Every structure is written in C-alpha cells, then in structure tokens.
Amino acid sequence: MKLSNIRSAIYNSAIYNKVWHSPKTRLSTFLKGKCDELPHKQRLMVVTALLSVFILIAFFVFGNACYKMGARQARQTFDIEHIDGIDIQQPVNTVAHEVD
C-alpha cells in the first residue's frame with residue numbers, strides 16, 4: 001500500500017473529520033466572528049498585547065535555556081587528558097640482502 005493511499009484514507013476518514021477538521025472549522029469561524037466585531041483600534045491593541053506576551057515568553061524560554069546550560073557547565077569540571085603517542089615498532093626485515 002502506497003503512502004499516498006494511506007494519507008488519502010486518513011484524510012477522508014470520519015475520525016479525521018471529527019477530531020481535526022470540524023473543530024478547526026468551528027474555532028476559525030468563531031474567532032473570525034469575534035475579530036470582525038472588534039473595532040479597528042481595539043483589534044490593533046489585542047494583536048499588540050498578544051504579540052508582546054509572545055515575545056516575553058520567548059525571551060523567558062531562551063533565557064532560561066541559556067541559564068540552565070551555563071549552570072550545568074559550572075557544575076561539571078572537565079579534566080583534559082592528552083593522548084600519549086603510540087610506540088610503533090618497525091617490522092624487522094627477515095630477508096637478508098645479499099651483496100655480490
């Protein structure tokens with residue numbers, strides 16, 4: 001069975017429509033209706049507030065991740081051990097060179 005056949009079977013199934021397509025359609029129509037009811041200035045303020053909240057959350061998540069990486073590095077100390085050279089012995093030539 002090909003992947004495209006599986007994908008089309010999933011998209012055409014009733015489960016997909018009940019779980020994803022129908023709620024998404026209802027939510028988008030609800031949000032569109034609420035946004036259309038708002039005046040332009042109020043809609044601009046809502047978008048600005050949501051964008052500000054998103055930026056603050058993004059800075060918090062990024063800063064927290066950087067802090068945790070730095071804290072983890074401070075707890076661990078690395079001892080650097082240099083690799084010693086390997087003694088390679090030259091093979092002994094067992095064939096005697098004859099001098100004429």
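1. Starting at the N terminus, the elements of this protein follow the order α-α-α. That gives 3 helices and 0 strands. Please keep in mind as you read that this is a predicted model.

2. On confidence, the protein has a mean pLDDT of 79, with 66% of its residues at 70 or more. Helix H1 (residues 3-11) has the lowest confidence, at a mean of 64, while H3 has the highest, at 90. I would keep those two values side by side when looking at the helices.

3. How much of the protein is buried? Buried residues account for 0% of its 100 residues.

4. Leu51, Phe54, Ile55 and Phe59 make up a nonpolar surface patch, and together they have about 450 Å² of accessible area. One of these residues, Phe59, sits in helix H3, which spans residues 40-75. Phe59 has a relative accessibility of 60%, so it counts as exposed, because the cut-off for that class is over 50%.

5. A word on the cysteines. Searching the whole structure turns up 0 disulfides. Cys35 has a relative accessible area of 36% and is therefore partly exposed. Cys66, at 34% relative accessibility, is also classed as partly exposed.

Note on methods:
Residues are numbered from 1 along each chain as its sequence is written. This is a predicted model: local features need pLDDT of at least 70, side-chain atom pairs count only at pLDDT 80 or more; totals for chains, interfaces and linings use all residues. Side-chain values use heavy atoms; hydrogens and water are left out. Patches are made of residues with over 30% relative accessible area and no salt bridge: like charges are joined within 9 Å, nonpolar side chains (Val, Leu, Ile, Met, Phe, Trp, Tyr) within 5 Å. Accessible areas come from the Shrake-Rupley method with a 1.4 Å probe; for residues, only the protein chains shown count as cover. A salt bridge is a side-chain nitrogen of Lys or Arg within 4 Å of a carboxyl oxygen of Asp or Glu. Helices (H or I, at least four residues) and strands (E, at least two) are DSSP runs, numbered from the N terminus. Buried means under 20% relative accessible area, exposed over 50%, partly exposed in between (1.4 Å probe, protein chains only). pLDDT is the predictor's confidence in each residue, from 0 to 100. A disulfide is a pair of cysteine sulfur atoms within 2.5 Å.
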